[in-house]
Structures are given as C-alpha cells and as structure tokens.
Amino acid sequence: MTMELTQTTQIKRVGVIGAGQMGNGISQVLAQSGFNVIIMDVSDASLKKALGTIEKSLAKLFEKGKLPEHPPVIMSRIKCTTQLKDFADCDFAIEAVSEQEELKKSIFKQLDEILPAHAIIASNTSSLPITRLASSTKRAGQFIGMHFMNPVPVMQLVEIIRGHATSENTCQLTKSLAEQAGKTTVFSQDFPGFIVNRILMPMINEAFFTLMEGIASAEDIDAGMKLGTNQPMGPLALADFIGLDTCLAIMKVLHDGLGDSKYRPCPLLKKYVDAGHLGRKSGRGVYSY
Ligand SMILES: NC(=O)c1ccc[n+]([C@@H]2O[C@H](COP(=O)([O-])OP(=O)(O)OC[C@H]3O[C@@H](n4cnc5c(N)ncnc54)[C@H](O)[C@@H]3O)[C@@H](O)[C@H]2O)c1
C-alpha cells in the first residue's frame with residue numbers, strides 16, 4: 001500500500017534528475033519559489049554548467065528587480081549530486097534526462113526503491129507515454145507527466161499529463177507545485193504529443209513540406225506565419241530553436257502512436273537531421289547561427 005501526500009505544503013524537498021537545459025531551468029524556478037532542490041546528473045560537467053547557468057540567470061533577474069531575494073540565498077537551496085540515493089528524503093522527483101525510454105525507465109525503477117512511499121514521480125518527457133513510463137514503478141497512482149516548456153524560467157506553461165492510473169490527488173499536488181513555481185497549468189490525457197506538441201509539431205512539419213516543395217523561401221514562410229498569424233517566431237526558426245532531431249523524434253511518436261499518414265515526418269526534416277544540421281545547438285539548421 002502506498003502513502004500519499006495530501007497537501008503541497010508537505011512538499012519541501014524536490015529532486016531533479018538531469019541537469020541539462022530543462023533540468024537546470026526547473027531547478028531554478030523551484031529554488032526561486034522557496035523549495036529545497038537537489039539536482040542529480042551522471043555528469044559532473046553538466047552539474048557545474050547548470051549551476052553556472054542558474055547563477056547567471058538569477059543575476060539578470062535580480063538586476064531587473066524581479067527577485068524578492070538575493071541570488072546567493074536562492075542558490076543556497078540548490079544542492080548537486082551524482083548519486084540517486086541522495087533522493088531518499090525528497091517529496092517530489094522530476095525527471096529531465098535525455099529522451100530515451102529505457103534510460104528513463106531504469107531511473108524510475110531506482111527512484112521507486114529510493115524515494116519515500118509518499119513521494120510523487122513526474123517525468124518532463126516531451127513525447128513518451130506516461131502510462132508506459134509509470135509501469136516501470138510500483139506507484140503508478142503517484143506518477144505523472146509534468147511538461148515544462150523551454151526556456152523554463154521564461155515560459156508560462158506547464159502541461160500536466162494524467163497517466164492511466166494517476167490519482168486525482170497526484171494531479172492536484174502537481175498543479176499546486178507548478179503554480180507555486182509561478183506557472184500556469186493545463187491538463188492533458190496521455191495520448192501522443194499531449195496538447196502542445198500534437199498541434200505544434202504538425203505545423204512545423206508542414207512548414208518543412210512547404211519549404212521542400214519550393215512554395216516559398218524559409219524567410220518568407222517564417223515571415224508569413226509570424227506576421228500573418230501573430231506568432232512570435234516563424235515555425236522554421238522555432239524548429240531550429242527546439243532542435244530538428246527533437247522535432248523529428250516527436251513526429252515519429254505522433255506517426256507511430258496515432259497511425260495516420262498525415263503525421264509522416266517530412267523527408268527534408270529527416271535530411272537536415274541526417275546531415276547533423278540540428279538547429280541552434282549545432283550552429284546550423286534551416287538557418288546558420
Ligand atoms: N529541450 C526542450 O525544448 C524540451 C522541452 C520540454 C521537454 N523536454 C524534455 O526534457 C528532457 C531533457 O531534455 P533537455 O533538453 O534538458 O536535454 P539535455 O540533453 O540538455 O539534458 C539531459 C541531461 O541528462 C543527463 N543524463 C543522461 N543520463 C543520465 C542519467 N542516467 N542520470 C542522470 N542524468 C542523466 C545528461 O548528462 C544531461 O545533462 C527530455 O525528456 C526532453 O524530451 C525538452
């Protein structure tokens with residue numbers, strides 16, 4: 001039998017697994033909101049880089065008068081480790097490691113053994129089924145999707161995904177945690193792409209078809225969508241920002257999971273990924289950086 005938490009006020013310590021771009025942003029917003037955070041990563045270099053990124057971001061916010069506390073006070077709430085066993089006193093764990101199902105499942109299995117019985121496990125996965133990830137633990141009722149957007153300190157939304165067995169109490173505690181971290185939440189059932197990527201990725205994929213078919217230049221496609229539909233970034237520039245490999249992986253999940261040919265990944269998107277032109281992170285995607 002599991003022992004569930006009943007109030008978010010009981011969530012004092014949050015463990016974040018993965019110190020990459022998402023993990024460090026999640027850790028920052030939680031520490032800013034008064035939670036004690038422990039970040040775990042297998043790579044010391046990633047942990048060091050994450051602390052540097054958070055310090056820089058806090059310094060900027062402080063300069064702009066957007067922080068109620070001095071950055072060192074917030075930093076003092078963040079600890080780092082390379083050992084999951086240091087999560088033994090966490091009330092809530094948020095996984096943000098690389099998007100590989102087997103890797104995530106092996107982490108959940110270990111967390112299930114290490115965390116206290118009342119603790120909730122959340123995954124920040126962009127595309128993997130929450131129900132399937134939850135089945136690697138014995139606490140499917142206390143397992144949930146908590147999909148932060150990139151960059152976490154800036155983006156308002158957290159998409160919360162109910163797995164097949166996620167309890168209502170887990171949903172409400174997760175919503176409350178996200179709101180305490182200054183975010184607005186929406187709930188999605190556990191279907192491929194959830195809400196945001198189900199709608200966003202086919203649009204990005206269609207922008208690649210529009211480019212491939214020679215209908216317009218990349219610049220005109222982006223300007224058309226930016227100015228004609230009031231989006232802050234055109235779909236191709238946004239794809240470069242997200243990472244073309246990530247966009248391709250999500251399209252594959254939609255195509256496999258929903259089985260409809262309208263989700264087939266655009267061959268031009270595949271070609272960019274094959275060429276290693278992954279967007280901003282590799283210096284080149286649709287555009288050069
Ligand atoms: N980048 C985005 O725009 C975005 C948006 C929403 C959700 N996500 C999701 O967030 C997750 C992380 O993405 P990211 O962009 O931060 O990736 P990233 O590559 O920046 O970071 C991943 C981190 O995981 C660490 N890691 C790998 N194996 C590990 C292990 N066994 N234990 C602990 N840490 C380990 C790596 O060292 C790295 O620091 C993915 O599931 C991704 O789909 C990403």
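Modeller: Happy to. The protein is split into domain 1 (8-189) and domain 2 (198-273), with bounds that come from an automatic or database domain assignment. Between the C-alpha centres of domain 1 and domain 2 there are 28 Å. This is a predicted model, in which local features need pLDDT of at least 70 and side-chain atom pairs count only at pLDDT 80 or more, while totals for chains, interfaces and linings use all residues. Residues are numbered from 1 along each chain as its sequence is written, and side-chain values use heavy atoms, with hydrogens and water left out.

Now to your pocket. The second largest pocket lies between domain 1 (8-189) and domain 2 (198-273), because both give residues to its lining. A pocket here is an open set of points on a 1 Å grid over the protein atoms alone, where a 1.4 Å probe fits and protein is found on both sides within 12 Å along at least five of seven lines; lining residues have an atom within 4 Å of a point. The volume of the second largest pocket is about 160 Å³, counted as the space filled by probe spheres set on grid points that are joined across faces, edges and corners.

Its lining consists of 13 residues, and those nearest the centre are Ser127, Pro129, Arg132, Pro192 and Val253. Two elements, helix H5 (130-134) and H10, each contribute two or more residues to this lining. H10 gives the largest share, four residues. Helices are DSSP runs of H or I with at least four residues, strands are runs of E with at least two, and both are numbered from the N terminus. Sorted by class, the lining holds six nonpolar, three polar and four charged residues. For these classes, Ala, Val, Leu, Ile, Met, Phe, Trp, Tyr, Cys and Pro are nonpolar, Asp, Glu, Lys and Arg are charged, and the others, Gly among them, are polar.

Arg132, one of the residues nearest the pocket centre, sits in helix H5. Arg132 is partly exposed because its relative accessible area is 42%; buried means under 20%, exposed over 50%, and partly exposed in between, with a 1.4 Å probe and protein chains only. Beyond residues up to four places away in sequence, Arg132 touches Glu101 and Lys105, where contact means heavy atoms within 4.5 Å. From Arg132 to Asn169 there are 37 residues in sequence and 20 Å in space, C-alpha to C-alpha.

Cys266 counts as buried because its relative accessibility is 0%. Its contacts, apart from neighbours within four places in sequence, are Asn205, Phe208, Phe209 and Met212.

Finally, the wider setting. The protein has eleven helices and eight strands. Its radius of gyration is 19 Å, close to the 19 Å of the globule rule for 289 residues, so the protein is as compact as a globular protein of that length. That radius is taken over C-alpha atoms, and the rule is 2.2 Å times the number of residues to the power 0.38. Of the 289 residues, 49% count as buried. Among contacts with a separation of 6 or more, 68% join residues 24 or more positions apart.
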